[in-house]
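Subject: Predicted model for your review

Dear colleague,

Please find the sequence and the structure below. A summary of what was found follows them.

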Number of protein chains: 4
Amino acid sequence: MAAVLRGSRNLWGRSLKHVDFTLVSSRSMASKTQVGFIGLGNMGKPMAKNLLKHGYPVIATDVFPESCKELQELGAQIVDNPAEVADQADRIVTMLPSSPNVIEVYTGPNGILKKVKKGSLLIDSSTIDPAVSKEMAVAAEKMGAVFMDAPVSGGVGAASSGKLTFMVGGVEEEFTAAQELLTCMGANVVYCGAVGTGQAAKICNNMLLAIGMIGTSETMNLGIRLGLDPKLLAKILNMSSGRCWSSDTYNPVPGVMEGVPSGNHYQGGFGTQLMAKDLGLAQTTATNTKTPVPLGSLAHQIYRMMCARGYAGKDFS
Amino acid sequence: MAAVLRGSRNLWGRSLKHVDFTLVSSRSMASKTQVGFIGLGNMGKPMAKNLLKHGYPVIATDVFPESCKELQELGAQIVDNPAEVADQADRIVTMLPSSPNVIEVYTGPNGILKKVKKGSLLIDSSTIDPAVSKEMAVAAEKMGAVFMDAPVSGGVGAASSGKLTFMVGGVEEEFTAAQELLTCMGANVVYCGAVGTGQAAKICNNMLLAIGMIGTSETMNLGIRLGLDPKLLAKILNMSSGRCWSSDTYNPVPGVMEGVPSGNHYQGGFGTQLMAKDLGLAQTTATNTKTPVPLGSLAHQIYRMMCARGYAGKDFS
Amino acid sequence: MAAVLRGSRNLWGRSLKHVDFTLVSSRSMASKTQVGFIGLGNMGKPMAKNLLKHGYPVIATDVFPESCKELQELGAQIVDNPAEVADQADRIVTMLPSSPNVIEVYTGPNGILKKVKKGSLLIDSSTIDPAVSKEMAVAAEKMGAVFMDAPVSGGVGAASSGKLTFMVGGVEEEFTAAQELLTCMGANVVYCGAVGTGQAAKICNNMLLAIGMIGTSETMNLGIRLGLDPKLLAKILNMSSGRCWSSDTYNPVPGVMEGVPSGNHYQGGFGTQLMAKDLGLAQTTATNTKTPVPLGSLAHQIYRMMCARGYAGKDFS
Amino acid sequence: MAAVLRGSRNLWGRSLKHVDFTLVSSRSMASKTQVGFIGLGNMGKPMAKNLLKHGYPVIATDVFPESCKELQELGAQIVDNPAEVADQADRIVTMLPSSPNVIEVYTGPNGILKKVKKGSLLIDSSTIDPAVSKEMAVAAEKMGAVFMDAPVSGGVGAASSGKLTFMVGGVEEEFTAAQELLTCMGANVVYCGAVGTGQAAKICNNMLLAIGMIGTSETMNLGIRLGLDPKLLAKILNMSSGRCWSSDTYNPVPGVMEGVPSGNHYQGGFGTQLMAKDLGLAQTTATNTKTPVPLGSLAHQIYRMMCARGYAGKDFS
């Protein structure tokens with residue numbers, strides 16, 4: 001299967017480079033040895049549960065001890081801090097809210113890198129600034145470990161059902177090893193390139209999503225004011241060049257579609273605050289790379305205004 | 001067939017109203033009587049040719065006599081002005097560049113309404129302000145004629161191959177009559193509601209298209225600067241929530257797709273100037289209906305800046 | 001005094017053209033003959049009162065009869081409609097809410113132009129689309145009358161105290177005649193050029209004002225969040241290149257200045273809805289002249305969003 | 001003089017707190033002891049020259065040795081790196097292009113903090129992220145030194161003539177000491193509050209400046225297209241509520257004013273690239289503090305687009 005997967009990776013047109021595999025010789029990939037998991041929030045907990053379901057012994061930690069209870073009952077070993085996880089497991093997945101948390105968990109006083117074993121595989125599924133991912137990769141490399149960024153697309157539902165999409169950045173030779181774990185938690189695992197490109201892909205997708213969502217909202221609103229029936233307008237857009245995910249899969253106008261947050265007072269779904277955070281990352285990376293992103297930037301501002309007006313917890317549509 | 005079509009129209013959930021059909025009693029719909037066509041530009045000429053191909057005698061005019069030559073050679077009758085067209089044909093299609101041209105062709109000194117026959121069907125396929133469509137409908141009604149707006153989606157290629165999409169606004173009872181002609185020139189004919197809603201649907205679609213196109217451009221550009229391969233990024237977006245027509249069908253980055261203007265120095269396709277014009281209409285209708293359209297408005301401004309910098313004739317991608 | 005004023009006008013660098021003054025021979029400028037006034041709203045009423053104060057007999061009308069009472073008690077003659085005003089007065093000032101009202105009052109069935117005397121001077125102080133001003137000027141000219149646009153800067157307070165600024169567009173030779181009346185109602189009367197340029201100047205000023213106001217608001221807000229004292233920040237901006245009218249005269253942050261709406265729960269002042277209307281005019285003229293105005297356009301959208309969220313009646317700061 | 005200055009500071013309404021002044025006991029403020037200067041670029045060189053003119057012995061360094069020649073000829077002592085400057089001077093001014101340079105010069109292997117004396121006063125006049133200023137202040141405090149941020153307003157001309165404005169953040173008790181040096185280089189020295197507030201004030205001013213400049217440009221352009229004379233329009237704006245620094249002091253339209261870059265093909269002045277950098281800082285601080293800045297954000301994007309189109313080196317107007 002590894003051959004098949006590697007073959008499919010080669011479709012992306014990337015060549016293999018010569019690397020020193022002595023680095024990873026101590027890591028046991030064939031058997032289901034213990035996997036570390038750090039960050040048991042809304043997303044992390046169901047992800048760790050899926051690792052357990054697939055037969056991996058899990059050793060986990062979280063800053064909030066109560067978050068660990070359910071996992072402990074399911075058989076996971078709970079320890080005090082990331083350093084202790086790293087002391088026992090040579091494959092670790094982290095799922096944290098933002099860049100400062102990642103920096104703390106990896107390089108802090110009780111961080112992973114204090115006790116990481118040589119050859120360990122560290123997979124960070126948080127959505128953070130790709131520049132931070134690169135810093136973590138450099139710091140991990142100094143300790144002889146491999147860091148990969150693997151942010152996810154899909155919400156709590158997809159995390160529970162193991163249907164997340166992972167966008168993975170890092171040394172290509174380690175992708176198969178990462179994939180072994182990630183396929184337990186997700187339906188799609190896509191190799192994106194060097195460290196940080198997983199984050200880049202995630203950020204790009206969410207920026208375009210935000211633009212499409214706001215664009216769809218104002219278009220639907222304009223059409224309704226011009227006398228068009230919302231369902232009819234959605235139908236026309238979806239058969240024409242205005243079509244996008246926000247118009248055909250997650251329409252923001254109540255009553256146009258069933259089973260989406262717009263039909264349920266914008267409860268559930270992907271919070272406006274989280275979208276604002278991702279757009280902030282897009283903004284920061286655009287500023288750092290001097291890339292003009294006028295619509296992405298305005299979308300960011302609009303979500304910021306929505307948050308400032310008290311809609312932070314509502315779905316972004 | 002009429003029954004089938006009417007049936008399909010009812011799917012849109014609109015009920016039939018009682019109307020006075022004496023109005024249209026004089027119009028012969030069964031046989032292929034002469035059809036008027038006014039405006040033989042890049043779009044109008046292939047449209048009129050498709051009417052000829054389907055066996056309709058065409059009587060046409062254009063302000064530029066040279067535009068009429070080809071059609072005359074194909075058997076169309078050429079007359080001097082719109083009034084003379086209206087004097088002979090009781091079904092007329094108009095395809096003109098902008099609102100003032102439509103006003104002139106309908107209500108000018110040699111306009112259609114000077115000699116229009118009672119019961120005539122007047123179909124305007126120009127893309128204009130829906131408010132002007134409504135004015136024309138009122139003026140036509142005073143003369144006992146029926147006006148419908150039927151702007152198109154699709155460019156010169158679709159016009160030539162008869163694959164345009166028509167978005168039709170007007171009295172529902174006349175839709176079948178309009179459809180008889182429009183199906184000769186297009187693959188989809190969609191009934192949108194009262195007069196002006198065809199324009200509204202067109203404007204809404206193009207506004208969302210413009211937002212999606214600029215959004216895709218900046219997202220692809222950001223991703224490339226962050227180290228992602230453009231083809232890979234397009235693939236990821238298209239399997240995720242960032243997906244839109246501009247990312248999966250008309251990608252603006254050279255080399256990502258074949259057969260689109262981006263692969264050919266942005267030649268051909270849909271001109272930046274035309275997009276700016278449509279966004280101007282969107283802006284005007286939004287202002288008149290007091291609808292906030294922040295992204296649509298910024299997209300308009302960006303296309304205006306592109307035009308001001310000399311890219312008016314390039315494809316909008 | 002006329003010589004002085006004409007001299008001051010020449011400072012604007014405009015040369016006098018030879019015109020036929022027989023047109024205005026019948027109008028008596030030396031004595032204080034009757035002046036017509038149409039539109040007695042919040043602005044129009046105090047303006048008409050200032051004409052009365054300066055000794056001009058006023059003949060007035062308004063669509064709402066109750067608006068006329070106070071003026072009638074002060075000695076003005078009230079008539080039924082604009083045509084009757086034009087039947088008696090050869091100098092008329094109009095002050096109306098928007099373009100359609102102006103069109104109705106000038107060219108409607110009981111409009112001024114139905115009974116206007118040859119050589120009459122018609123001054124419109126409404127803020128409307130300059131294109132409509134030009135249409136009215138053409139229509140007036142056909143009847144042998146002179147139309148000038150003279151929109152105002154300054155609110156109800158300035159209207160009451162006679163301290164408005166008038167921006168006047170029209171035939172330069174008539175400026176002195178207009179000025180005679182306008183100086184009774186305003187402190188500054190500026191000649192701007194051909195018909196419509198008064199509106200253009202007003203629209204341009206208000207667009208830049210809106211940009212400055214929103215810019216000041218977000219800057220003050222950002223500074224406060226970064227730990228700056230608002231009064232100190234305003235002081236720094238005002239001594240630096242960030243200085244603008246909104247920062248030094250009408251600061252939007254409560255407590256920074258006294259005697260401005262921000263210090264009084266944004267009551268009074270210039271309504272958000274009115275600003276949105278003026279920005280809509282700016283947008284329309286920009287679209288018609290194909291001028292990119294990205295910040296003006298976004299400012300328009302932001303005021304539209306404010307109106308949509310229920311702040312239409314609050315001051316624009 | 002200190003009393004007077006302190007008095008003027010108290011105008012800002014800040015009270016004195018009790019602090020331990022033993023920290024600064026070793027620093028000799030009365031006599032003109034050596035002052036360190038790091039960063040001898042376009043701005044730094046004339047600033048250092050002004051210190052020399054005021055009788056201060058200067059010890060300086062720069063990464064480009066050739067930048068040091070002129071200063072050396074004027075009597076300054078040139079050393080190899082920041083650490084050596086700190087070894088000799090207990091008052092140091094730094095003037096560097098961006099955040100990474102500041103981090104390097106203060107905390108790098110040959111950085112100031114490697115050899116800084118207890119009680120030293122470190123004044124950074126670079127324009128950088130206020131968060132970095134705070135980090136440097138913390139790092140300096142650990143070494144027993146005092147760090148203040150003091151970014152400048154005004155360009156190379158103001159630096160040469162000693163007419164810069166300094167916006168100073170830091171411990172208030174040290175402001176007088178900083179002021180002693182800064183008044184040699186600037187006309188205004190304003191105390192803004194805690195460390196980082198100098199940067200905050202600078203960033204806020206430049207964001208509002210950018211908004212005002214682009215706003216003025218589009219307004220002037222719109223007015224000209226509507227038929228207004230540019231000088232007349234500028235005059236009207238400047239006597240009305242549209243007035244701002246960009247309209248009355250630095251008008252972007254060639255021919256409206258003399259002695260500004262717009263009259264000289266936009267040569268000289270404040271580069272578009274530098275403005276884009278400052279707007280990037282504004283964007284970053286706004287994102288970090290979750291402050292909506294829609295116009296500031298769009299202004300940033302517009303300057304980014306200008307840079308991307310090759311105008312990076314032109315004046316920002």
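Chain C can be superposed on chain D by a turn of 180 degrees with a shift of 0.0 Å along the axis, giving an RMSD of 0.1 Å (least squares on the C-alpha atoms of residues with pLDDT of at least 70 in both copies). This is therefore the relation of a two-fold axis. Within chain C, Cys244(C) has the C-alpha nearest the axis, at 1.9 Å. Both copies use the same surface, as 100% of the contact residues of chain C recur in chain D.

This is a predicted model: local features need pLDDT of at least 70, side-chain atom pairs count only at pLDDT 80 or more, and totals for chains, interfaces and linings use all residues. Residues are numbered from 1 along each chain as its sequence is written, chains are lettered from A and ligands numbered from 1 in the order in which they are written, and side-chain values use heavy atoms, with hydrogens and water left out.

Chains C and D

The contact (heavy atoms within 4.5 Å) involves 59 residues from chain C and 59 residues from chain D. About 5200 Å² is buried between the two chains, 70% of it on carbon and sulfur atoms; buried area is the accessible area (1.4 Å probe) that two parts lose on being put together, summed over both. Two salt bridges cross this interface (a side-chain nitrogen of Lys or Arg within 4 Å of a carboxyl oxygen of Asp or Glu). Arg243(D) and Asp248(C) form a salt bridge through their side chains, at 3.0 Å from N to O. On the side of chain C that touches chain D, the largest share, 19 residues, comes from α10(C) (helices are DSSP runs of H or I, at least four residues, numbered from the N terminus).

Chains C and B

Here 14 residues of chain C are in contact with 14 residues of chain B. These two chains bury about 1300 Å² between them, 62% of it on carbon and sulfur atoms. On the chain C side, Thr287(C), Gln301(C) and Arg304(C) lose the most area to chain B, together 38% of what that side buries. The count of salt bridges between chain C and chain B is zero. The largest share of the side of chain C that touches chain B, seven residues, is supplied by α14(C).

Yours sincerely

Methods. Helices (H or I, at least four residues) and strands (E, at least two) are DSSP runs, numbered from the N terminus.
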